[in-house]
Amino acid sequence: MSASGVLSFTQQGWEQVLAKVKRAVVYLDSACAESLHWGCGSTRLLEAVGGPDCHLREFEPDAVGGGAKQPKAVFVLSCLLKGRTVEILRDIICRSHFQYCVVVTAVSHAVHLTANHVPAAAAAEMEGQQPVFEQLEEKLCEWMGNMNYTAEVFHVPLLLAPVAPHFALTPAFASLFPLLPQDVHLLNSTRPDKRKLGSLGDVDATALTPELLLQIRCLVSGLSSLCEHLGVREECFAVGSLSRVIAADLANYAPAKNRKKTAAGRASVVFMDRTLDLTGAVGHHGDNLVEKIISALPQLPGHTNDVMVNMIELTALQTEEENCNVVAPGCLAQSNDTTAKALWEALLNTKHKEAVMEVRRHLVEAASRENLPIKMSMGRVTPGQLMSYIQLFKNNLKALMNHCGLLQLGLATAQTLKHPQTAKWDNFLAFERLLLQSIGESTMSVVLNQLLPMIKPVTQRTNEDYSPEELLILLIYIYSVTGELTVDKDLGEAEEKVKKALAQVFCEESELSPLLQKITDWDSSINLTFHNSKIAVDKLFTSLRDIAGARSLMKQFKSVYVPGNHTHQVSRPHPSDYPVLILFVVGGVTVSEVKMVKDLVASLKPGTQVIVLSTRLLKPFNIPELLFATDRLHPDLGF
């Protein structure tokens, strides 16, 4: 098995789709678009469609239908073909002139049978048959208005967005996040007294909601297809309660039994709950340029793992803010540019200082190859220096096109280096180090009292002070790194002071951010009373207490902090006995953590091939959004 297995798996899947899209109107949902974005690039799809016009559309209720001269449509969907998804399909087709419809789903037919409540025994007897897909094909013809028109429905496992040869994400499962103790109370509310769950340790598949269980089955279906592509029989391991359910479902996945009997290779698949260590996700000790880029630059619309790079510097437009939307943004994914891809992989695997020097080196070499009048400069890399190199390409269309991918990464680097958020990164890091020292020497109440003066209303804050969202990140860091708490009078009083201060700050905000709106359940601070704000903050601290106790059920790895060692802040993974190790982090992972896993396995067990998978690429601000989400138990599956 090659290390690029995740890339070949994704590209092989897309080749099956591309074979169907010639001269078609193509509709994609956001998760499949993200898989395409990292795996092949939209250019590859447009080339396969052919023709002078771009017929690429987002799959949504208001999507434009096909005109009289557009007889063919291909729908590429990451979700189950059921409920609302089928209704949107019907509405688009009914307002179009299609005579040939292809629907590709990333979810296997076996999972569609599960979603339609077909018993396992009956499903086993249907092996080789696809009644759910066949019924939808009939419906497609009906909606097109002629049963003699052509309809195809089939499954392609478009699970992954491959960020690097050894690292991939699952965009369709970006919202999947481990359970917290408070979720146990919600699960218990629908269970009889004799079957109440005592703790997260008691949670198994039978305890979960049907929606969450089905979401897990959709993920397991895709992972089984990946193992089939890799030619391995997997042994499943888990650390954490939700990971245990996922691992058990993959181990017992009935459609994979025959595959496992014939697979030549062996692999261990280790699932890990993100909640067991949130310090790595919200902390700023990862010395990596890519982490800073995805934290500083705005998110690419419709994506969970890429950012918008402002390209206006390469145009003749003025750089005023109102012009920024005139030019299409750049991005980090450069799947069709060999040089840019090599630079991107270097940025993932090097420290910040080496990474910015690598960006400069690539820009200098590209400018030299194009005979541009470059002035060499050594020493510290500055954003101004990078911009001076980038602007050499500005009036040279050929050079611009030859190095478009590299220029996007160069601009992303320059814009990040001069972004205010990057300057604040070091402030966060300094405070986190002080916190680690305090936690090693003091009680939790002392640490919270140190935080209290930093909680300031908007009228008293400067750019150097922490916003409410940033304070939440620090609180998550504190509670996660501390671990299980000894609750006493001092802690209760310290928490109450912080709660009141935070509640007051929320009330005085001039405008509530989307995160604060979600936490307080109010759209505007004008109508937010202190009483309602305090109720929201009390709930928030329930989640923080849950985070602190996340490792309490573990026999090993109870701590992620070693007193007296301010650099070792993440527990080491246990190396596997198999030649392939697939680590799946449920709830997101950072670039630094991926590098750490890769380096650690290489040093402890040379020769082991490592693949890191996760639900999403994390930046600190993602964690409060995921942690305080209210739909963990009832994910939206599109029906």
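Colleague: Where does L176 lie in this model?
Modeller: In this predicted model, L176 lies in the loop that joins β7 (167-169) to α8 (181-188).

Colleague: Is L176 buried or exposed there?
Modeller: L176 counts as buried, because its relative accessibility is 1%.

Colleague: Which residues does L176 touch, leaving out those up to four places away in sequence?
Modeller: L176 touches L212, Q215, L219, L242, I246, V586, G587 and T615.

Colleague: And how many residues lie between L176 and D465 in sequence terms, and what is the distance in space?
Modeller: L176 and D465 are 289 residues apart in sequence, and their C-alpha atoms are 32 Å apart.

Colleague: Let us turn to the sheet. What is the order of its strands?
Modeller: The five strands form an open sheet in the order β2-β1-β3-β4-β5, and the pairing is parallel. β2 (56-58) and β5 (150-155) are the edge strands; each has a single partner strand, so one side of each has no neighbour in the sheet. From one strand to the next, the twist averages 15 degrees.

Colleague: How many bridges join β4 and β5?
Modeller: Six bridges join β4 (residues 100-105) to β5, in the parallel sense. One of the pairs is V104 with F154, the latter being in β5.

Colleague: Which strands does helix α4 touch?
Modeller: Helix α4 (residues 84-94) packs on the sheet and touches β1, β3 and β4. The direction of α4 makes about 165 degrees with that of β3.

Colleague: What about α2, and which strands does that helix lie across?
Modeller: Helix α2 (residues 30-39) lies across β1 (25-28) and β3 (72-77). The angle between α2 and β1 is about 105 degrees.

Colleague: Now to the cysteines. How many disulfides are there?
Modeller: The count is zero.

Colleague: Moving on to helix α15, what span should its residues have, and what is the distance between its ends?
Modeller: Helix α15 (residues 352-369) has 18 residues, which at 1.5 Å a residue should span 26 Å. Its end C-alpha atoms are 26 Å apart, so the two values agree.

Colleague: Which residues of α15 are buried?
Modeller: The buried residues of α15 are H352, A355, V356, V359, R360, H362, L363, V364, A366 and A367. These residues pack against α13 (289-296), α14 (338-349), α16 (383-390) and α18 (404-417).

Colleague: What follows α15?
Modeller: N371 follows α15, and its phi is positive, near 55 degrees.

Colleague: You mentioned α18. Where does Q415 sit, and is Q415 buried or exposed?
Modeller: Q415 is in helix α18, and Q415 is buried, with a relative accessible area of 14%.

Colleague: Which residues is Q415 in contact with, apart from neighbours within four places in sequence?
Modeller: Q415 is in contact with L297, V309 and N310. A polar atom of the Q415 side chain lies 2.7 Å from the backbone oxygen of N310.

Methods:
Residues numbered from 1 in each chain as written. Predicted model: local features only at pLDDT ≥ 70, side-chain atom pairs only at ≥ 80, totals over all residues. Heavy atoms only, no water. Helix = DSSP H or I, 4+ residues; strand = E, 2+ residues; numbered from the N terminus. Expected span 1.5 Å × (residues − 1). Buried < 20%, exposed > 50% of the residue type's maximum accessible area, 1.4 Å probe, protein only. Contact = heavy atoms within 4.5 Å. Pairing = 2+ DSSP bridges. Axes fitted to C-alpha atoms, helices over the stretch in contact; angles between N-to-C directions. Polar contact = N/O pair within 3.5 Å; in protein donor to acceptor, adjacent residues only side chain to side chain. Disulfide = S-S within 2.5 Å.
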